[in-house]
Every structure is written in structure tokens, then in C-alpha cells.
Amino acid sequence: MVSKAADTADFIKTVRLFREFNDPELLALTGRLRERKLRKGQVLFREGDEGEEMFLVREGAILVSKAVTGKVEQVLARFGPGDFFGEMSLFDRSPRSATIQAETDAMLLALDRDNLNGLIQVNPRAAAAFFHGLVQVFIERLRTSSELVAEITRWGLEATGLDMESR
Amino acid sequence: MTDIPVPRRAKIELLVRRDDESFELQEVSSSAAWVQMCPTRVADADFELAEVTSRVSHEPSFILKNRKTERFLMLSEPERFLWDQMHGHTALQEMATAYVLKYGEFNFDIIPSLVRKLQKAQLLTLEPASRLRRVLARNRQQRLLRAAEATLFALERINISSRRVQPFFDRLYHWGGFLLFTRAAAVVCVLLGLLGLAAGVRLWQSADTIAAGFGGHAVVAVISVKLLLLTTLAFHQLVHGLALVHYGRRVREFGFTFLHGILPTFYVDVTDIFMASRRARVVTAVSGTLVHLVLGALWFLVALYAPPGFFRAFAAASGIIQLQTFVIALYPFCFIEMDGYHVLVDALGVPTLKSDALTYVAGLLRGAAPVPWSREAALYLGYVMLSTLSVAGFVAFNVLLILHARS
């Protein structure tokens, strides 16, 4: 049991949000996480669902998609071991902004709002490190989103043959 | 001088859900989407087209005017031909094929440059092409239509194909496929056709007795016969592919799909035959259909000598279906662009006959401005009238057959 907690703590240390955590903080966090297994193709949650948890990817590959039309969704991102997702609903209490499904069999660690709040209140230093990591990841994702918007715009222009340069 | 790197074509990755909650991922490049785009010109009332002839070269050219923006464009004769196709029902890929058939050359730069020119002059709109899909998309709140759209979409997604089939067709040709393109094969085909026809006439005289062999399961039998027909469509396409090899052209793709999301069918990409002679194109188109003539004749001969019972009825029904398919594939007037249609438009030099004819007749029915009578107008009217009569006759014949079999 101790060994499993230590393994989990070692894994969490690799997650960007928790890199600044010291060992006691990591062990404390381990107790607040819940394992969740997904089969290949299984949907974890859908766009519009209520959200109370964020997830760390321990094993496998996760696909993030957003509805476009009918049964077609656009793939926005892929997450692998060490990545995390689902944190937005924890903070703004809005419905899920995208659908999450497993591209391969996957194992996740879930952290719900109450446990996150507990962590923040009990350990301000760890909380500061957590939010610092979160801001860095948000900035990266914002950049990636901007690139995706540009790529999709380029796709639309190429697919329709629109020549904006000579208009 | 430094070469400017060509930017890679943009791609998007889509996730398409199936009904069983599983999904598939598809990467769609912008170029694949572009060739399937059906450009739609602005409404007829919003443009004018006038012909001018050069006093130097004596070649015709055309002035296209956007009445709203007062912008003018000069179009060459080939560009005018392409402009005429831009009614929202012809994909750019089909336009390229039509262009090759009409002008006998691959000058595909003309298409993107014309599209750019027209867009700049605001003479094109970018609406989706399929009216059916537009109606379905608009009415998604109705469960039945939503299900129909989902079904169409799911069926359209089914495509099992390979682009590395040339070695397979080469081997098939060298292992005996070449025999199909000999005089002896043509003679055998004609003889079998005549024997099959004679057998069919004799079978028709005792049609009641033969149909009784189904023992009250006529509908089930007809469905199973049609399923069997589906497998023979694969042979039909294989022969098309062998014809390409025979004329030294390349088979680009072979596969199975649901045509328009409804009709299950095998297909082979024979576009490379456009580089060959007209004779090669005609032989390629006709040779595939002969599979059904041969099979139909064989089934009739089997039925003629089989003992009374279910098998005899099944053989006779298979013969009828095969010969129907032979006629439909070769008969150009049935609104379906099959082999006979391609031979006809190739001979007439009107590669977009069906869509032009439908557009023309739809305009007449809507009471649009009368179009001056011309040979083209006569051709369009003739095509639509013959096709309508043929389809009605085909449906009536099948209803008659089923009623006959059930009685």
C-alpha cells in the first residue's frame, strides 16, 4: 500500500502542476486522488456535462474533441502520461467545454473540487506552486489554440479556394 | 535565387461517432475538400454574359458582368465552359473530368485560377451542394430526419478501398485477363448473349410454372438475388480495371462504398483512361457491363435445364436481374451516370449532359425566362423525357414481375 502511494507520488511529481511540491505535500495529495480506468473508446465526459473533477493522465492516450455538426467532432488535442485536463470546470463551475474519450486503454487520477480546496487551504505554499504551474500551462494552451485557429482558417481558405491576397 | 518553400496543405482531424458509441478519426486535407467543392455562381439575374469575337484570332471570348458590383471579367471559351458547370451540382473534380473530355488536355491550372477570378469578382457563392443534405441539416430537430441524416452520413463513411491495386490488376491481366480482350472473347460473348436470349424467351413461356418454384417466398428470393448481384458488381469493376491495363493505363483505386449514402457498390477509378483514345474509353466502359450479359445468359441456360423447383426459379430470377443490370448499365437514359451514359456523353461531346439537362428542364418548369430553341435544348428535353419514361417503365416492369411471382 505504501509502495503504491509512493509510486503515485513519484508519478505526480512528473506532472507539471506538482513539480514544486515536496515529498510530504505529494504524499498528502496522493490520498486525495481517485483512480479512474477507461477502456479504449470510452467517453469520460461530454461537452455540456457538469464538472466537479480534474484529471491527470497516468497511462494511455486521451482525445479532446468539440462538436462540429451531427456526429462529427473536431479533435482539439491529445493528452498522454503526465498531462492533465478538466481543470476549467473546477474553477469557473461552467459545463464541460469539450468531450473527453480514451484513444487507448487509459488510467487517470481524479482530483475533485473539495479535495483541491482542502489542499489549497491546508498548504498555501503548495497552492501557490500549483497555480503557478497552472498559469504556465494555460499560456501554452492559449498559444496552441491560437495556432489551431490559424490552421483551421487556412484549411477553410484552401478548401474553398478563397484568394484573399488579391481581393 | 532562393526557392520559396511550398507551404504544406492544412489538415483538420475529425472524430466521427458511430451509433454504437465507438468512433473513428479522419484526417481531412484541405485539398481533398477543395476538389469536392461544388462552386455555385450567383443567381442568373445577377450576371450578364456577352460573346465577343477577336478580329485578329477570330476566336470567341466572353465578357462576364456582375450586375451588382459592376465588375467585368473576360473569359476564354474553356473558361466559359467551366463557368457553365458552376451551378452548384458539379464538383471541381467532375469539372476537371468534363474539361478533359471536352478539350482532351490536362490544363487544371485553369480551374483554380478561374475560381479565384470569379470569387474576386463576387460571382460565386459558397453554399453546400446537396439539396437533400441541406434540408436534412435544417430539420435536425425532427427525430426521423435526424436519423436519416445520420444514416446517410454513416453509410457514406463506409469506404473500403486500396490505391495500391495496379500490381494486382497487372497480375490478373497476365494470368488470363488479357483473354477477355480478344476477338474470340467477343464472339463467345455474342453467342452466349444470343443463347441466353433464346433461353429467356423459352423460359418466359412457362414463367408461371417457374415462378411457382419460389413457393410463396418471392420477395425474400428477389432480395437474395439482388444481394448475389452485388457480388457480381465486383467482377464488373474488375473487368473495367483489366481494360485499363489492356490499354496501358493505371488503375488508381479499387474499393467498396455506398454511392450517395444509399446504393452499395464496388468501384474502380478509371480516370486514367481519359488519356487514351476514344475507342479505349468505349471498350473500358462497355467491357464491364458485359459481365452481366454473360452471367444473365448463363443463369437463363441453367434455369432452362434445371428441374422445376426453387433453384430453377432462383436461376431465372438471377438471369432477369443480371440482364436488367446489363441494360441499366449500358442504357444512357435513366438519370444514372453509368457506363452507357459515359459512352453517350463522350460521343456527343457534352460531358455534363445530365446536370445541364436537369437545370434546363427545372428552369422550364419554374417558368423561368424562355430559352431560345436550339439543338442543345432539344437534347436536354429529349434526355429528360426519355429518362423519365425509362425509369417509369423500369419500375412498372419490376412491379409486374413481383405481382406475377406472388400471384
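The pLDDT is the predictor's confidence in each residue, from 0 to 100. The structure is a predicted model, in which local features need pLDDT of at least 70 and side-chain atom pairs count only at pLDDT 80 or more, while totals for chains, interfaces and linings use all residues. Residues are numbered from 1 along each chain as its sequence is written, and chains are lettered from A and ligands numbered from 1 in the order in which they are written.

**Confidence in chain A**

Chain A has a mean pLDDT of 87, with 95% of its residues at 70 or more. Helices (H or I, at least four residues) and strands (E, at least two) are DSSP runs, numbered from the N terminus. Within chain A, the lowest mean, 80, belongs to helix 1 (residues 2-14) of chain A, and the highest, 95, to strand 7 (residues 99-102) of chain A.

Axes are lines fitted to C-alpha atoms, for helices over the stretch in contact, and angles run from 0 to 180 degrees between N-to-C directions. Angles under 35 degrees count as roughly parallel, over 145 as roughly antiparallel, 65 to 115 as roughly perpendicular and the rest as oblique.

| Helix pair of chain B | Axis angle | Axis distance |
|---|---|---|
| Helix 8 (residues 183-205) and helix 11 (residues 278-305) | about 45° | 8 Å |
| Helix 11 and helix 13 (residues 339-348) | roughly 160° | within 9 Å |

Helix 11 of chain B and helix 13 of chain B are therefore roughly antiparallel. Residues in contact have C-beta atoms, placed from the backbone, within 7 Å. Among the residues joining this pair are B:Arg278 and B:Arg281 of helix 11 of chain B, and B:Asp339 and B:Asp346 of helix 13 of chain B. By class (Ala, Val, Leu, Ile, Met, Phe, Trp, Tyr, Cys and Pro count as nonpolar, Asp, Glu, Lys and Arg as charged, and the others, Gly among them, as polar), the contact of helix 11 of chain B with helix 13 of chain B has 4 nonpolar, 3 polar and 4 charged residues.

**Contact between the chains**

Between the chains, 25 residues of chain B are in contact with 21 residues of chain A. On the side of chain B that touches chain A, two or more residues come from each of several elements, including helix 4 (110-120) and helix 6 (143-157) of chain B. Strand 1 of chain B gives the largest share of that side, 7 residues. The residues of the side of chain B that touches chain A comprise 15 nonpolar, 3 polar and 7 charged.

Note on methods: Contact = placed C-beta atoms within 7 Å.
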